[in-house]
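Let's take a walk through this structure together, one piece at a time. Keep the 3D view open and follow along.

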Amino acid sequence: MTKRPRLSMALLAIVVLPNFLCVCNAIESPQYSVVHSESDFEIRLYRETSWMSAPVKDISFEKATRNGFHRLFQYIQGANLNFSRIAMTAPVLTSVVPGAGPLHSSAYFVGFYLPTKFQTTPPTPLPQLSLEPYTWDSHYVAVRKFSGFARDTNIVQEAEKLATSLSRSPWANSTSEESSYAYSIAQYNSPFRVIGRVNEVWVDVNPSGLGGYKYSEIATS
């Protein structure tokens, strides 16, 4: 498996779940610990995890997400060399590669978190799906929640709000420079759910930029 670059201020990830998914806490998600919390954001430490990724070339985040997840959904429904059916997980990440354009993107990676059963030995996808397995190193992520739908029209603004919050916190100089990505957004609900939707903006941060500030783990998920 290849090592996936971590997020910094250039990745956008959106989480999209299949139409039948309604309750995200009933399925597996990557494990993390909360190491810092404020009124409008928190810092999480995610463990090393394995994912399956669908690269997509598109200007629109929404179109790229649909394209990538369609391929990933075929994969988990058995379009792999083992003919294995894989349980749905959350989140599914649409990661934005920075570039020109209204969303500051040039391409996307739509990622599916592999359940525990397949973390070490994921089934090989069928070649025509053009999927790539990758390992996401343990890393720190700044997270801001927002409601409604994640759209082409609001994802950049939500990421900017998180950047503003970070700039006013002890983590102001901690955005990661190790990744070719910038910010991420996680969406946890079925597209058919209208009320009570939960989304998250993610940005990779590096605790080495904290200077003398001391953080402490306060919760685990």
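Start with W202: its relative accessibility is 1%, so W202 counts as buried (buried means under 20% relative accessible area, exposed over 50%, and partly exposed in between, with a 1.4 Å probe and protein chains only). Before going further, a word on where this comes from: the model is predicted, so local features need pLDDT of at least 70 and side-chain atom pairs count only at pLDDT 80 or more, while totals for chains, interfaces and linings use all residues. Residues are numbered from 1 along each chain as its sequence is written, and side-chain values use heavy atoms, with hydrogens and water left out.

Now back to that tryptophan. The ring of W202 pairs with the ring of Y46: the centres are 5.3 Å apart and the planes stand at 35°, so this pair is tilted. For the terms, rings of Phe, Tyr and Trp (its six-membered ring) pair if their centres lie within 6.5 Å; planes under 30 degrees apart count as stacked, over 60 as edge-to-face and the rest as tilted. Y46 is buried too, with a relative accessible area of 3%. Since Y46 lies in strand β3 (residues 42-46) and W202 in strand β10, the pair ties together parts that are 156 residues apart in sequence. Helices (H or I, at least four residues) and strands (E, at least two) are DSSP runs, numbered from the N terminus.

Have a look at another pair, W51 and W136. W51 sits in strand β4 and W136 in strand β7 (residues 132-136), so the pair ties together parts 85 residues apart in sequence. W51 is buried at 0% relative accessibility, and W136 is buried at 4%. The structure holds 8 aromatic pairs, and one aromatic cluster is formed by Y32, Y46, W51, Y113, Y134, W136 and W202.

The charged end of R44 sits over the ring of Y32, 4.4 Å from its centre, and R197 lies over the face of F149, at 4.0 Å from the ring centre. A charge sits over a ring if NZ of Lys or CZ of Arg is within 6 Å of the ring centre and within 35 degrees of the ring normal.

Let's zoom out to the whole chain. The protein chain has 2 helices and 11 strands, and from the N terminus on its elements run β-β-β-β-α-β-β-β-β-α-β-β-β. Of its 221 residues, 52% are buried.

How do the strands line up? β10 pairs with β8 in the antiparallel sense over 7 bridges, and with β9 in the antiparallel sense over 5 bridges (two strands pair if DSSP finds at least two bridges between them). Along β10, V201 stands opposite R144, while W202 stands opposite S184. In a regular strand the side chains alternate between the two faces of the sheet. In β10 both faces are covered: N199, V201, V203 and V205 on one side, and E200, W202 and D204 on the other, are all buried. Over in β4, 7 of the 8 residues are buried, so β4 is largely enclosed by the rest of the structure. β4 runs antiparallel to β7, and 5 bridges join them; T49 stands opposite W136 there.

What about the nonpolar core? In soluble globular proteins, nonpolar side chains tend to be buried together. Here the largest nonpolar core has 39 residues, and those with the most contacts inside it are I43, L72, Y75, F112 and L166. Such a core is a set of buried Ala, Val, Leu, Ile, Met, Phe, Trp, Tyr and Cys residues joined through side-chain atoms within 4.5 Å. Its largest share, 6 residues, comes from α1. Take L166 as an example: leaving aside its neighbours within four places in sequence, L166 is in contact (heavy atoms within 4.5 Å) with F41, I43, A142, W171, A172, V203 and V205. Apart from this core lies another, of 14 residues, among them Y32, V34, W51 and V141.
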